[in-house]
Amino acid sequence: MRISLCQGLLTGAIILNLLILYYVSRAQQQMMDKRKELGRGTRRAALPASGLGGGLGLLVGAGGELGGIGGEGHGRGPRVTVLLREFENFENYVGDVANSFLRQRSELPFLAVADTSPYPPLMLPDGARLLVLSPSPDQPPQAHRPEFHVQTEFVLLVPDGVELEQPRAIERLIRELEGEGGGPVRLVAAPVLARSAVQCLHLRVNLREWTATYSPAASGSSGSVCTALQGDAVVLIRTEDLFNLSVPLGRPLFSSLFVQTALRGWKVKLLESPCFAANHRPLFSSAHNQWKAETRLKEATGKLMRSFGLKRLLLPDGKEQWYGCSKETPRCFGTVQDDTPDYLYLDRWTPPCCLRALRETTKYVINILETSGVRYWLEGGTLLGAVRHQDIIPWDYDVDLGIYLEDVPNCDHLKNLDSGSLVDANGYVWERAVEGDFYRVQYSEANHLHVDLWPFYARNGVMTKDTWTEHKQDVEFPEHFLQPLVPMSFAGITAYSPNNHRSFLELKFGEGVIENPQYPNPTRKRLDRSKL
């Protein structure tokens with residue numbers, strides 16, 4: 001069969017087109033592979049060529065021509081990035097720390113991390129870089145995300161002023177961490193200066209109760225395992241673990257790090273040695289700079305704890321630190337809708353600072369009622385809390401007391417409240433509630449946590465009142481529950497309550513209410529009793 005000239009040209013054109021399509025498709029696939037490779041956060045990274053901005057350049061250590069720490073000789077890059085997060089702009093030794101590590105291990109990537117560009121600018125040696133976390137409109141997003149800037153297997157977190165005197169010290173930390181085999185020990189630490197300068201702590205974080213509790217761990221020799229550290233230490237962690245934390249480089253670094261790792265069940269091993277040197281101790285050269293650093297630490301700690309939803313810290317020495325509301329601030333939650341405060345939707349209970357304020361207000365109000373000759377009793381959910389917990393129900397947000405209406409004129413704080421409000425000498429606000437014919441005592445003018453006083457009067461042996469709410473427990477009841485009133489432990493004091501409290505509560509709430517706790521409005525949010 002003879003092929004005409006036209007048929008030959010057509011066949012050639014088809015073959016040429018197929019070849020072009022093949023090479024174009026192959027080129028596109030190669031480009032996509034490169035993009036995927038560049039997009040792997042801990043595998044490829046870009047850093048500003050200058051510590052304070054500029055173009056993007058590859059992080060030191062990206063190549064494989066240098067022998068790595070703990071590696072298998074040549075052909076393998078460094079396994080560790082040294083990262084310095086905690087330093088103050090007004091006085092620091094970041095340049096000295098970088099020089100110390102790079103003199104001993106010139107192949108190590110060294111990364112200083114700051115929230116904003118430091119002023120005065122850091123003087124860093126070759127091989128060290130600065131990462132600024134605050135975004136810049138002229139930079140791509142990865143320029144300010146730390147996970148794009150660490151491509152090594154491990155990260156060594158070092159405090160300011162530390163020096164590397166033993167070149168093999170980092171290898172020891174790597175061996176210790178690898179020896180744990182991926183178990184609960186996910187961090188290894190070495191002390192700065194001396195083992196006695198670092199304390200092993202047990203940390204328990206209860207997000208439901210907005211509380212972190214630190215307690216001393218049993219002191220021991222090298223290899224103590226705990227959940228938090230206090231003092232100067234160098235910490236090694238796998239890069240993957242660090243950047244799987246929601247806030248990997250929060251400040252203060254140790255507070256942020258150990259709250260998150262404790263919630264994940266991770267532990268830290270504190271070694272006796274190697275010790276890292278620190279000639280720059282004390283870290284600040286003047287009392288003024290020391291004061292500035294302590295003030296900033298306090299501010300940063302408060303900001304961090306509030307962002308984590310921790311309002312109360314119990315410290316190893318038994319002291320407390322509070323980061324919730326106070327008399328000078330608004331309360332920690334807004335207007336309550338459907339009897340269900342917002343924190344219940346977050347699977348949390350009443351913030352401890354609010355419970356503390358409610359206890360203080362209740363004790364204060366009860367003292368005034370008793371000294372004024374006003375008969376009162378624990379009402380509704382407040383009585384239920386006294387029976388169950390000898391305290392406020394952990395998820396309640398106010399306190400209710402019943403009073404005899406006829407006793408109101410006995411109390412100077414109440415008898416003149418037909419209009420307006422009264423701020424007493426201790427800052428508590430007494431007012432007639434706008435919702436109805438009852439009284440309310442607020443913690444302060446700023447903080448509206450409150451105790452409600454419900455005035456009842458007897459009619460034909462039944463306690464009744466003129467204003468009723470839509471709550472099912474707001475009902476009339478026989479006066480014999482109040483004859484006599486009986487003492488009961490509540491919130492650290494002895495208060496008065498109805499006699500036969502079980503029958504009183506079951507009249508109000510239904511049978512079995514004491515043994516079957518539930519949130520105020522189960523149709524909106526139900527209590528998971530398995531978590532009690």
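Modeller: In this predicted model, Ser255, Ser256, Val259 and Gln260 of helix α5 meet Leu304, Met305 and Phe308 of helix α6.

Biologist: What makes these residues a contact of α5 with α6?

Modeller: Contact requires heavy atoms within 4.5 Å, and Ser255, Ser256, Val259 and Gln260 in α5 meet Leu304, Met305 and Phe308 in α6 on that criterion. The residues of this contact divide into 4 nonpolar, 3 polar and no charged.

Biologist: Why is α5 called roughly parallel to α6?

Modeller: Helix α5 (residues 253–263) and helix α6 (residues 287–308) pack at an angle of about 20 degrees, their axes being 10 Å apart. Angles under 35 degrees count as roughly parallel, so α5 is roughly parallel to α6. The crossing of α5 past α6 is right-handed.

Biologist: Which aromatic pairs does the structure hold?

Modeller: The whole structure has 18 aromatic pairs, including that of Trp395 and Tyr519.

Biologist: Why is the pair of Trp395 and Tyr519 called edge-to-face?

Modeller: The planes of Trp395 and Tyr519 are 80 degrees apart, with 5.3 Å centre to centre. Centres within 6.5 Å make a pair and planes over 60 degrees apart make it edge-to-face, so both terms apply.

Biologist: What does the pair tie together?

Modeller: Trp395 lies in the loop between α9 and β17, and Tyr519 in the segment after α11, so the pair links parts 124 residues apart in sequence. Both Trp395 and Tyr519 are buried.

Biologist: What is the geometry of Phe477 and Phe504?

Modeller: Phe477 and Phe504 are edge-to-face, at 5.0 Å centre to centre and 80 degrees between the planes. Phe477 lies in strand β23 and Phe504 in helix α11, so this pair ties together parts 27 residues apart in sequence.

Definitions and conventions. Residues are numbered from 1 along each chain as its sequence is written. This is a predicted model: local features need pLDDT of at least 70, side-chain atom pairs count only at pLDDT 80 or more; totals for chains, interfaces and linings use all residues. Side-chain values use heavy atoms; hydrogens and water are left out. Axes are lines fitted to C-alpha atoms, for helices over the stretch in contact, and angles run from 0 to 180 degrees between N-to-C directions. Helices (H or I, at least four residues) and strands (E, at least two) are DSSP runs, numbered from the N terminus. Angles under 35 degrees count as roughly parallel, over 145 as roughly antiparallel, 65 to 115 as roughly perpendicular and the rest as oblique. A crossing is left-handed if the near helix is turned anticlockwise from the far one by less than a right angle, and right-handed if clockwise. Ala, Val, Leu, Ile, Met, Phe, Trp, Tyr, Cys and Pro count as nonpolar, Asp, Glu, Lys and Arg as charged, and the others, Gly among them, as polar. Rings of Phe, Tyr and Trp (its six-membered ring) pair if their centres lie within 6.5 Å; planes under 30 degrees apart count as stacked, over 60 as edge-to-face and the rest as tilted. Buried means under 20% relative accessible area, exposed over 50%, partly exposed in between (1.4 Å probe, protein chains only).
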